[in-house]
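Biologist: Before I plan anything around this protein, I would like to go through its model with you, one question at a time.

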Amino acid sequence: AGGGKTEGIALKGLLELIKTANRIVGFVAPTSGRLQILWRKFLDICPSQWIDGKPDKTAKEIRLKNGSLAQFRATKKASDATGTPVQGYDWDTAVEDESQNISDEAQTEVDLRGRRAGNRFRVYSSATNQLIAEFQDRLERWGKVGWARILRFSGYANAFIGTGWWDSFKKRLTPDQFRRLIEGGSPPLEGRIYPCFDSDVNIRRRDPLRYLDVTQRITDVQFRRPYRFVVGHDFGARVNASAVFRAYARQGYDERKWWAEGEIATVDSGGIKAHIPRLKEYMRDHFGAKPDDFIIIGDPQCGHRTNEGATETDYMVLADAKLHAEKAMYGRRFEQRHRFGMVNALLKNADGETHLFIDVNEDGEPVCPEMVKSFKYYRWAEGRSGEPEQFNKDARDPSHYTDLVGYGLAPWEEFRGSEQVQVLSLTAAMEARRQRALSAVR
């Protein structure tokens with residue numbers, strides 16, 4: 001961090017432009033603001049006599065006298081409908097600045113820009129080693145393949161910056177922050193919200209001969225109606241995320257085990273009302289399920305919102321859409337640490353037993369990749385005791401895909417983890433029981 005990465009990647013792009021004549025190099029940044037910084041750095045480095053005419057600020061292009069062209073593009077989408085701004089370009093090389101803030105979707109689009117160069121196409125990226133789940137997952141995946149190379153640089157390796165500058169951060173950063181941001185080290189294993197998650201244990205295919213589906217049995221006991229699937233859901237103004245679960249037990253054993261068998265999210269596209277048709281379609285196409293076949297279980301503290309003059313809750317919207325939905329619990333607060341503890345106990349309890357798994361597809365890949373990222377990289381914030389990292393609920397917040405696990409399984413598993421639950425009021429508890437009774441009569 002702060003070691004001249006932007007200037008270095010701008011220089012790399014310039015060297016690619018002058019390697020031979022008539023090359024096209026993409027200069028990529030996550031946002032228009034970062035792109036403007038990259039533009040200025042390039043102009044500071046590139047000799048003015050090398051530039052053919054004036055830089056085109058409107059088209060964000062700079063032509064050199066050898067015929068090579070620098071195209072500057074930001075990856076942030078204006079909306080889901082417009083797609084990633086780098087789509088449609090053909091480059092010989094691409095250079096990326098602050099790639100930790102480039103999404104996986106945008107990164108894939110950058111990687112696809114090499115049609116012009118074929119197998120000679122290369123992408124060079126600079127990044128700050130931030131605790132962003134999507135980025136850390138990408139680093140881990142790239143470290144396991146033969147076509148990517150990761151170089152970790154310490155600030156001390158920059159000969160143009162005095163060591164005293166880096167030493168000063170030892171007083172301002174925690175030891176883990178200093179090792180990660182200044183020395184380029186990997187994030188520590190300590191500080192994970194779900195330390196009990198183990199990819200080798202919790203990601204596995206269910207043995208259909210060993211485990212029998214008991215989902216309808218346990219939902220009938222809990223809700224007086226059998227459902228084939230349990231859908232855990234996390235509500236949000238920007239992100240609505242759902243995952244599909246089924247419960248299984250070995251023949252002759254009552255203790256259940258859960259498998260997550262799919263996930264779907266709707267981002268920046270109209271809240272729960274936009275998510276509902278996508279969820280119905282997903283359940284139909286992937287599981288052959290109709291709305292009566294699944295129950296949605298979500299956040300018990302889901303608040304009210306105003307829509308066209310009327311006050312409604314997301315649960316009312318689900319009911320209007322003829323979907324069955326319940327809160328994770330009634331009449332009590334589902335404390336955050338209780339939920340985290342419950343899910344950790346499902347991943348691996350004190351006896352070393354596992355009760356929660358993520359299924360895999362035909363290629364052996366997890367069917368809930370976003371959930372896996374959240375389990376692996378969702379962390380407690382450094383320097384803010386008791387608060388999770390990135391808890392601002394934006395589109396890249398990793399919490400959505402594991403919060404829904406806690407909500408979805410709580411009706412059966414809330415006894416795990418902390419027992420500190422708070423009764424809101426006797427009236428609320430009585431009303432919850434009354435509503436449940438009415439639902440059973442209907």
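This is a predicted model: local features need pLDDT of at least 70, side-chain atom pairs count only at pLDDT 80 or more; totals for chains, interfaces and linings use all residues.

Biologist: At roughly what angle do the axes of helix H4 and helix H12 cross?
Modeller: Helix H4 covers residues 133-142 and helix H12 covers residues 369-377, and their axes come within 9 Å. An angle from 65 to 115 degrees counts as roughly perpendicular, and the crossing of H4 with H12 is at roughly 95 degrees.

Biologist: How many residues in the contact of H4 with H12 are charged?
Modeller: On the H4 side the contact is made by Ala133, Glu134, Gln136, Asp137 and Glu140, while H12 contributes Lys373, Lys376 and Tyr377. Sorted by class, these residues give 2 nonpolar, 1 polar and, for the charged ones, 5.

Biologist: How many nonpolar residues does the contact of H11 with H13 have?
Modeller: Helix H11 (residues 336-347) and helix H13 (residues 400-413) pack at about 80 degrees with their axes 9 Å apart, which makes H11 roughly perpendicular to H13. Among the residues in contact are Phe340, Val343 and Leu346 of H11 and Val405, Tyr407 and Leu409 of H13. By class, the contact has 3 charged residues, 1 polar residue and, as nonpolar residues, 8.

Biologist: Which residue of S13 stands opposite Ile295?
Modeller: Strand S10 (residues 294-298) and S13 run parallel and are joined by 4 bridges. In S13 (residues 324-327), Ala325 and Lys327 form the uncovered face, whereas the covered face has Glu326 and His324. The residue opposite Ile295 is His324.

Biologist: Is Glu98 buried or exposed?
Modeller: Glu98 lies in the loop between strand S4 and helix H3, and its phi is near 50 degrees, a positive value in a residue other than glycine. Most residues other than glycine have a negative phi. Because a relative accessible area under 20% counts as buried, Glu98, at 11%, is buried.

Biologist: What is the relative accessibility of Lys322?
Modeller: Lys322 also has a positive phi, near 65 degrees, and its place is in the loop between helix H10 and S13. Lys322 counts as exposed, with a relative accessibility of 64%.

Technical notes: Residues are numbered from 1 along each chain as its sequence is written. Side-chain values use heavy atoms; hydrogens and water are left out. Buried means under 20% relative accessible area, exposed over 50%, partly exposed in between (1.4 Å probe, protein chains only). Helices (H or I, at least four residues) and strands (E, at least two) are DSSP runs, numbered from the N terminus. Two strands pair if DSSP finds at least two bridges between them. Axes are lines fitted to C-alpha atoms, for helices over the stretch in contact, and angles run from 0 to 180 degrees between N-to-C directions. Contact means heavy atoms within 4.5 Å. Ala, Val, Leu, Ile, Met, Phe, Trp, Tyr, Cys and Pro count as nonpolar, Asp, Glu, Lys and Arg as charged, and the others, Gly among them, as polar. Angles under 35 degrees count as roughly parallel, over 145 as roughly antiparallel, 65 to 115 as roughly perpendicular and the rest as oblique.
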